[in-house]
Amino acid sequence: WVNKKEHSMSVNYGSKRVVVGAHYGLRDWLSQRITAALMALFTLLLLAQLIFSKGPIGYDQWAGIFSAQWMKVLTFTVILALLYHVWVGMRDVWMDYVKPVWLRLSLEVATIVWLLACAGWGIQVLWRL
């Protein structure tokens, strides 16, 4: 009997170990770093435009920074990077800390809806729709 118990315990490690989870690890880690770097570069570009601008910074100058089509596209690209960055982080939080499946899936759906609404709002603001 003892030998059977010892043998059954030996299958809990090694190649026969049952691994659970979504296995997003490296891809998510890398995407978090890439999106963070993109947001940091955009912030530096925006700060440079503000620092090297002449005169007081008012609404006209602020709106002028975002008037060029390339800046609107770049800004929206950074917004999408931010939203993906948030999705990866929130999905990890929901997967790690919310155990009831129905609640976790509900929170994930609510997060997706919220992020899509934020993307729509970004389009509305940038292109004045």
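Modeller: M39 sits in helix α2, which covers residues 25–51. Helices here are DSSP runs of H or I with at least four residues, strands are E runs of at least two, and both are numbered from the N terminus. Before going further, a word on what you're looking at: this is a predicted model, where local features need pLDDT of at least 70 and side-chain atom pairs count only at pLDDT 80 or more, while totals for chains, interfaces and linings use all residues. Residues are numbered from 1 along each chain as its sequence is written, and side-chain values use heavy atoms, with hydrogens and water left out.

So, M39 again: M39 counts as buried because its relative accessibility is 17%. The cut-offs are under 20% relative accessible area for buried, over 50% for exposed, and partly exposed in between, using a 1.4 Å probe and protein chains only. If you set aside neighbours within four places in sequence, M39 is in contact with V78, L82 and H85, a contact being heavy atoms within 4.5 Å. Its C-alpha is 9.5 Å from that of T77, which is 38 residues away along the chain.

M39 also belongs to the largest nonpolar core, a set of 10 residues: M39, F42, L46, L50, I65, F66, M71, F76, V78 and L126. By a nonpolar core I mean buried Ala, Val, Leu, Ile, Met, Phe, Trp, Tyr and Cys residues joined through side-chain atoms within 4.5 Å. Helix α2 gives the most to this core, with four residues, and α2 and α4 each supply at least two. Take L126, one of the core residues: leaving out those within four places in sequence, L126 touches F66, K72, T75, F76 and I79.

Stay on α2 and have a look at R33, which is in that helix too. R33 counts as partly exposed because its relative accessibility is 44%.

Now for the charged side chains. Side chains of opposite charge can pair when their charged atoms come close. The structure holds two salt bridges, each being a side-chain nitrogen of Lys or Arg within 4 Å of a carboxyl oxygen of Asp or Glu. One joins D28 and R91, at 2.1 Å from N to O. That pair links distant parts of the chain, with D28 in helix α2 and R91 in helix α4 (residues 69–97), 63 residues apart. Both partners, D28 and R91, are buried.

The other bridge runs from R91 to D92, whose closest N and O atoms are 3.6 Å apart. Through shared partners, the salt bridges join D28, R91 and D92 into one network. Within it, R91 counts as buried because its relative accessibility is 7%, whereas D92 is partly exposed, with a value of 27%.

R91 is also among the contacts of E108, along with W87, W94 and M95, not counting residues up to four places away in sequence. E108 lies in helix α5, residues 101–126. E108 is buried yet has no salt bridge, and the nearest side chain of opposite charge, R104, is 4.6 Å away. For charges, Lys and Arg count as positive and Asp and Glu as negative, with His and the chain ends not counted.

Back to α2, this time to I51. I51 counts as exposed because its relative accessibility is 61%. Together with L41, L44, L47 and F52, I51 makes a nonpolar surface patch of about 590 Å². Patches use residues with over 30% relative accessible area and no salt bridge, with like charges joined within 9 Å and nonpolar side chains (Val, Leu, Ile, Met, Phe, Trp, Tyr) within 5 Å. Areas come from the Shrake-Rupley method with a 1.4 Å probe, and for residues only the protein chains shown count as cover.

Stepping back to the whole chain, there are five helices and zero strands. Of its 129 residues, 23% count as buried. Among contacts with a separation of 6 or more, 64% come from residues 24 or more positions apart.
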